[in-house]
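Here is a short briefing on one protein model. Look over the sequence and the fold, then read on.

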Amino acid sequence: MVLSDKTIKEYLEKGNILIDPLDEKDIQPASVDLHIDNGILVFKNSTEPFIDLRKELPNLTEKIEIQKEEPFMLHPGEFVLASTIERIKLGTNVVGRLEGKSSLGRVGLLIHSTAGYVDPGWDGQLTLELTNVAKLPITLYYGMRIGQISFLDLSSEAENPYGSSKLSSRYQGQSDPTASKIHIDFDSQIKHTE
């Protein structure tokens, strides 16, 4: 069941959900608005002929900062990683769903490709996967509303929440847009076969 604004406030009070910073006006009927931080990971022109998922590619992206009051231009077809200003922390009995804002979707801005799910136990800023599907550049400003998070109750507490030592929770505690760490899956498979 999706949590209402009333229940979100109760969960915030009890500590089942933490959103920091939080402005009360960002609490919507069944979600909380989130804002874009100033760090952006842009994909560089690489000398690599393709993205090999088995390898760490530290030179694939470059971090730039959105300057206050100056826009970052997201060009048509461009894909970048950003993060929320807000740190989100979830208890073991609740999950989050990251969604775009209708007003931004109507101009062609998508805020995630696949990473809209926030596991119970998560703690950190959320990485956004921003894509411009419009035919014109879109301006992004530091601090603007970029998306919203809704919350759902689990049927029971998670046995192994995100961050548990039994899981490979590679993004726990992130505080900046974070590039893919998919290569760790392949490293683990190699260790299991040795």
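Leaving aside its neighbours within four places in sequence, which residues is Ile 146 in contact with? The list runs Leu 34, His 35, Ile 36, Lys 101, Leu 104, Leu 109, Ile 111, Leu 128, Leu 130 and Leu 140. The model is predicted. The points below are grouped by topic.

**Nonpolar core**

- The largest nonpolar core holds 35 residues.
- Ile 146 is among the residues with the most contacts inside this core, together with Ile 36, Leu 130, Leu 140 and Phe 151.
- Strand β2, residues 32-43, gives the most to the core, with 5 residues.
- In soluble globular proteins, nonpolar side chains tend to be buried together.

**Val 95**

- Val 95 sits in strand β6, residues 94-100.
- Val 95 counts as buried because its relative accessibility is 6%, and the cut-off for buried is under 20%.
- Beyond its neighbours within four places in sequence, Val 95 is in contact with Leu 90, Tyr 117, Val 118, Pro 120, Ser 150, Phe 151, Leu 152 and Leu 154.
- Val 80 is 15 residues from Val 95 in sequence, and their C-alpha atoms are 25 Å apart in space.

**Aromatic pairs**

- The count of aromatic pairs comes to 2.
- Phe 43 and Phe 79 form a tilted pair, with 5.6 Å centre to centre and 40° between the planes.
- Phe 43 belongs to strand β2 and Phe 79 to strand β5 (residues 79-90), so this pair ties together parts that are 36 residues apart in sequence.
- Trp 122 is buried at 7% relative accessibility, and Tyr 162 is buried with a relative accessible area of 15%.

**Largest pocket**

- The largest pocket has a volume of about 860 Å³.
- Its lining is made of 32 residues, and the closest to the pocket centre are Tyr 171, Thr 178, Ala 179, Ser 180 and Lys 181.
- Strands β5, β8 and β9 each supply at least two lining residues.
- Strand β9 gives the most to this lining, with 3 residues.
- By class, the lining has 18 nonpolar, 8 polar and 6 charged residues.

**Backbone points to check**

- The peptide bond from Asp 20 to Pro 21 is cis, with omega near 0°.
- Pro 21 is in the loop between β1 (17-20) and β2.
- Glu 69 is not a glycine, yet has a positive phi of about 70°.
- Glu 69 lies in the loop between β3 (61-65) and β4 (72-74).
- Is Glu 69 buried or exposed? Glu 69 counts as exposed because its relative accessibility is 69%, and the cut-off for exposed is over 50%.

Note on methods: Residues are numbered from 1 along each chain as its sequence is written. This is a predicted model: local features need pLDDT of at least 70, side-chain atom pairs count only at pLDDT 80 or more; totals for chains, interfaces and linings use all residues. Side-chain values use heavy atoms; hydrogens and water are left out. A nonpolar core is a set of buried Ala, Val, Leu, Ile, Met, Phe, Trp, Tyr and Cys residues joined through side-chain atoms within 4.5 Å. Buried means under 20% relative accessible area, exposed over 50%, partly exposed in between (1.4 Å probe, protein chains only). Helices (H or I, at least four residues) and strands (E, at least two) are DSSP runs, numbered from the N terminus. Contact means heavy atoms within 4.5 Å. Rings of Phe, Tyr and Trp (its six-membered ring) pair if their centres lie within 6.5 Å; planes under 30 degrees apart count as stacked, over 60 as edge-to-face and the rest as tilted. On a 1 Å grid over the protein atoms alone, a cavity is a set of points where a 1.4 Å probe fits but cannot get out, and a pocket is an open set with protein on both sides within 12 Å along at least five of seven lines; lining residues have an atom within 4 Å of a point. Grid points are joined across faces, edges and corners, and a volume is the space filled by probe spheres set on the points. Ala, Val, Leu, Ile, Met, Phe, Trp, Tyr, Cys and Pro count as nonpolar, Asp, Glu, Lys and Arg as charged, and the others, Gly among them, as polar.
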